[in-house]
Amino acid sequence: MKPKICIVVSEFNGDITAEMQNSAIHKLQDEGLEDKYLKIIYVKGAFEIPYAISKLIKKYDGFIAVGCIIKGETPNFDFISQAITNGIMQLSILNKKPIGNAVITCLDKKQAKKRIYKGEEAAIAVVDVLNTLESF
């Protein structure tokens, strides 16, 4: 049975997240996942990603969280990044579903552009976990 995977994408820093989303989609297609098993959901910011996943958790076998947080002048960057990471991990463990974390945290746009491949890495992680655990 083919897994159903949902990619939840933050629209904030959309030039970066769009490329990360595309890298994840291409990797999933390379792995043989047909478009009918893939859903893309957009949220305004990365902070909304764990909530969106929590609402959809029963509908999909795995998720990929895509976001880009660039440090500003306040410590909000640290709080938001940690909250998202904790939320994603908690959802994954409690619901026993893989969630690939492609929410990047960078100091500037230049760093973010160098990390666009994180969408692909998160897709690989989700597919690998699903394939490994399918036999159990």
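Is Cys-106 buried or exposed? Cys-106 is buried, at a relative accessible area of 1%. Buried means under 20% relative accessible area, exposed over 50%, and partly exposed in between (1.4 Å probe, protein chains only). The views below come from a predicted model, in which local features need pLDDT of at least 70, side-chain atom pairs count only at pLDDT 80 or more, and totals for chains, interfaces and linings use all residues. Residues are numbered from 1 along each chain as its sequence is written, and side-chain values use heavy atoms, with hydrogens and water left out.

View 1. A disulfide is a pair of cysteine sulfur atoms within 2.5 Å. The structure holds 0 disulfides. Cys-68 is buried, with a relative accessible area of 2%.

**View 2. An open sheet is formed by 4 strands.** Their order is β2-β1-β3-β4, and the pairing is parallel. The edge strands, β2 (38-43) and β4 (99-106), each pair on one side only. From one strand to the next, the twist averages 15°. Strands (E, at least two residues) and helices (H or I, at least four) are DSSP runs, numbered from the N terminus. Two strands pair if DSSP finds at least two bridges between them. Strands of a sheet pair through backbone hydrogen bonds, either parallel or antiparallel.

**View 3. Strand β1 (residues 5-10) runs parallel to β2.** The two are joined by 6 bridges. Cys-6 stands opposite Lys-39 in β2.

**View 4. Two helices lie across strands of the sheet.** Helix α5 (residues 118-134) lies across β1, β3 and β4, at about 160° to β4. Axes are lines fitted to C-alpha atoms, for helices over the stretch in contact, and angles run from 0 to 180 degrees between N-to-C directions. Contact means heavy atoms within 4.5 Å.

**View 5. Helix α1 has buried residues.** Among them are Ile-16, Met-20, Ala-24 and Leu-28. The buried residues of α1 pack against β1, β2, β3, β4, α4 (109-113) and α5. An α-helix has 3.6 residues a turn, so residues three or four places apart point the same way. The 17 residues of α1 should span 24 Å at 1.5 Å a residue, and its end C-alpha atoms are 24 Å apart, which agrees. The expected span is 1.5 Å times one less than the number of residues. After α1 comes Gly-32, with a positive phi near 95°.

**View 6. Tyr-60 and Phe-63 form an aromatic pair.** A search of the whole structure finds 1 such pair. The rings are edge-to-face, 5.9 Å centre to centre, with 75° between the planes. Rings of Phe, Tyr and Trp (its six-membered ring) pair if their centres lie within 6.5 Å; planes under 30 degrees apart count as stacked, over 60 as edge-to-face and the rest as tilted. Tyr-60 counts as buried at 13% relative accessibility. Phe-63 is buried too, at 0%.

**View 7. Leu-91 sits in helix α3 (residues 76-95).** Leu-91 is buried, with a relative accessible area of 13%. Leaving aside neighbours within four places in sequence, Leu-91 is in contact with Pro-50, Ile-53, Ser-54, Lys-96 and Ile-99. The C-alpha atoms of Leu-91 and Ile-57 are separated by 8.3 Å, though these residues are 34 apart along the chain.
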